[in-house]
Structures are given as structure tokens and as C-alpha cells.
Amino acid sequence: MNTHSATTLTRTTPLEERIAQDPGRFRILTGDRPTGRLHLGHYFGTLHNRVRLQDLGVETFVIIADYQVLTDRDVADDLTGYVEELVLDHLAVGVDPERSTIFTHSAVPALNQLLLPFLSLVSVAELSRNPTVKDEIAHSRQAAVSGLMFTYPVHQAADILFCKADLVPVGQDQLPHLELTRTVARRFNERYGDGAAVFPEPEALLSRAPVLLGTDGTKMSKSRGNAIALAATPDETARLIRGARTDAERHIHYDPENRPEVSSLLLLAGLCQDRAPEEIADEIGALGAAALKKVVTDSVNEYLAPIRARRAEYARDRALLRRVLREGNERARAVADATLAEVRTAMNSDY
């Protein structure tokens, strides 16, 4: 673990205390790329936390990063459909468009215009060293690395700084992106701020959410086809869990290191039941993998039932989805326009 990561980890608990004491002083930027329906890994990893922070009173911006779909895809298939699916998923889990701003990248020109001055503040070498970019490039679907892919961390800095977010919920693997955002903010302030801070240096709110494995035993992912979507039907959920990988040992116990697939299923049941996975394992014991999968299926379907009901209700009103996006885009544009005007003044290009 590098020094920055260790420092961020030690800040997390006091940061949660500060949020609880005065949630209204924080502004959060979070979001997803519209590449498919969100799944249980997303829910327990990030969505549940977004709703928690929103309900505490933290001002929340949720970006649907449609431009960033192009970073690793030659063609953005059914983008409109995927954007609507993301809106549906957020509404279903409890993101309230009256309290949180849901918007799309492409609808906020001033946000994207920040990319140009921000690019002037970082070097090619710094972009090349970013470990997240290296990983994205290694798993890219494109025949060659696009300029958009290469500048992705700076685009993400524009996403965060356009609304002057001072708090960004991230996983450990996203810390290099946030550190570059902090660097961009600091350099802009030093070069153009004239002693004043135009941009905050946002803090990381590290996710402590457990990592759920997909049905094939690897990380749950939309692109790998191993995920249980929030929108899956009870029958689809049962089928996916029946096909989930386990192991040859009959007796069920919780051991993430030596029995990762079994332990991930136990963890999923525990999250849905709000119980310790060890307790569930003790109840199943020698009944084996079939009994485990039935417990997990029942737990997931019961937990998701109200979310699925809300999703189905929202899905019947497509005009509502368009209105949520239209109003969110309008709010985001107003914030971005004000920030860009401030940037132009600071850069002495307000003419």
C-alpha cells in the first residue's frame, strides 16, 4: 500500500464522523457508465451507500458517464436504452431526484469544456503512469488506445471539479484517479487562483463494502455475464444462483481465503438478511451446496422484491425518466456554467 492510500484509509473514520456532524457541508460526485443494468455488486458496493449519504443530507450529484462509454468501445450500442436503465436502477433503490442530481455527461457542455485547461496542467508522463489507465488499456476492446482513453483521468477530474465536489466515494483501485484530480485542483489554484482556492481538493471516502464474486467465481461484472442484475426476475435469479460455482467440499463454512466461491454466496445471503455469513453457514452445515444456493436465492429474492416492484412501477412511466434526466441536466448545466465562468475569470479569458 502506498503512503497516500494509507493516509486516506486513516482519514475515513474521522471523515464519516464529520459527515454525520454536518452532512450539509459536503457535496459528493459519484456515478456509473451506461454499459448495462446495474447488479448486486453495484448495489452493495456503491448504490446502497449513495442512498445512505443522500438520506443523511449530503448534496449528491450522480453522473451517467455516457461519453466515457467510448473510452473502451468502438461502438456505443443502445446507449439511450442503457441510460434509461441506469436511471431506473437509481430510482428503484431510493435515489431521490428531488434531493440528488442525476445527469448525463453529454448534456453538460461546460463540464466537458473544463477538460482543455485541465489537460494543460498534467504531463503525458503522469497520464502514462496512472495504474488505472494501464489496467483499462490492458482490458480495452479497441484495436488501438484512443486519446479519450488516455485522457480519461483528466475527464474524470472535470466530472468531480465542475460541481466542486469535496467528497468522492471510491474503491481502493480508484485512488490514483482521485489523486490526479487533487493534483489538477491544486495546480489550477496555484497557477490561476491568485491566492484563492477556485477548486477544493476532494477527499476520498473509501468504500468498505465487501467484494462479491460473480457466478463464475470471478469479480461480478456486467461485461463478464456473471452478475445478478437488480432487474432480474425471481426465476432468472434462481437460475443464475443454481449455476454459481462452489467447490467439492460438502460441509458449508465461511472461509473467504480457501473457499472464495462458497464464502461469497454466504456473504451475499448475509448482506440480504443483515446477518453474519458465519451464522448462516452454521445453519446450513452438512446440507451442502444445494441448500446453500436455496438460502441465497430466497434471501436475494426477498431483499430485492421491493426494489423490483418500484422499478417496475417507474418503468411504466418513461416520461418520468426523461423528466428526471431533463431536470437533472438543467441543474448540472447551471452549476457547470457558473464554474466555467469562474475559471474564465481566473484565467483572464473572460471576454
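## A charge over a ring

The charged end of Arg-25 sits over the ring of Phe-26, 4.5 Å from the ring's centre. The rule used here asks for NZ of Lys or CZ of Arg within 6 Å of the ring centre and within 35 degrees of the ring normal.

A word on the model before going on: it is predicted, so local features need pLDDT of at least 70 and side-chain atom pairs count only at pLDDT 80 or more, while totals for chains, interfaces and linings use all residues. Residues are numbered from 1 along each chain as its sequence is written, and side-chain values use heavy atoms, with hydrogens and water left out.

## Aromatic pairs

Rings of Phe, Tyr and Trp (its six-membered ring) pair if their centres lie within 6.5 Å; planes under 30 degrees apart count as stacked, over 60 as edge-to-face and the rest as tilted. By this rule there are 10 aromatic pairs. Tyr-43 is buried at a relative accessible area of 6%, and Phe-44 is buried at 12%. Here buried means under 20% relative accessible area, exposed over 50%, and partly exposed in between (1.4 Å probe, protein chains only).

Tyr-43 also pairs with Tyr-303: the ring centres are 5.8 Å apart and the planes lie at 70°, so this pair is edge-to-face. It links distant parts of the chain, with Tyr-43 in helix α2 (residues 40–56) and Tyr-303 in helix α14 (residues 288–315), 260 residues apart. Helices (H or I, at least four residues) and strands (E, at least two) are DSSP runs, numbered from the N terminus. Tyr-303 is partly exposed, at 23% relative accessible area. Elsewhere, ring pairs join Phe-118, Phe-188, Tyr-192 and Phe-199 into a cluster.

Helix α9 (residues 152–161) is mostly covered, with 10 of its 10 residues buried. Among them are Tyr-152, His-155, Gln-156 and Asp-159.

Helix α10 (residues 175–192) has 18 residues and should span 26 Å at 1.5 Å a residue, which agrees with the 25 Å between its end C-alpha atoms. The expected span is 1.5 Å times one less than the number of residues. The buried residues of α10 include Leu-175, His-177, Arg-182 and Phe-188; Phe-188 also belongs to the ring cluster.

## Positive phi angles

After α10 comes Asp-194, with a positive phi near 50°. Lys-164 is not a glycine, yet its phi is positive at about 55°. Lys-164 lies in the loop between α9 and β4 (167–170) and counts as partly exposed at 24% relative accessibility.

Asn-348, also not a glycine, has a positive phi of about 60°. Asn-348 is found in the segment after α15 (318–346) and counts as exposed at 68% relative accessibility.

## The cavity

The structure holds 1 cavity of 30 Å³ or more. On a 1 Å grid over the protein atoms alone, a cavity is a set of points where a 1.4 Å probe fits but cannot get out, and lining residues have an atom within 4 Å of a point. Grid points are joined across faces, edges and corners, and a volume is the space filled by probe spheres set on the points.

The largest cavity holds about 130 Å³ of space. It is lined by 14 residues, of which Leu-213, Gly-214, Thr-215, Ser-264 and Leu-265 are the closest to its centre. Helix α12 (residues 260–273) gives the largest share of the lining, 4 residues. By class, the lining has 8 nonpolar, 4 polar and 2 charged residues. In this scheme Ala, Val, Leu, Ile, Met, Phe, Trp, Tyr, Cys and Pro count as nonpolar, Asp, Glu, Lys and Arg as charged, and the others, Gly among them, as polar.

Note on methods
On a 1 Å grid over the protein atoms alone, a cavity is a set of points where a 1.4 Å probe fits but cannot get out, and a pocket is an open set with protein on both sides within 12 Å along at least five of seven lines; lining residues have an atom within 4 Å of a point.
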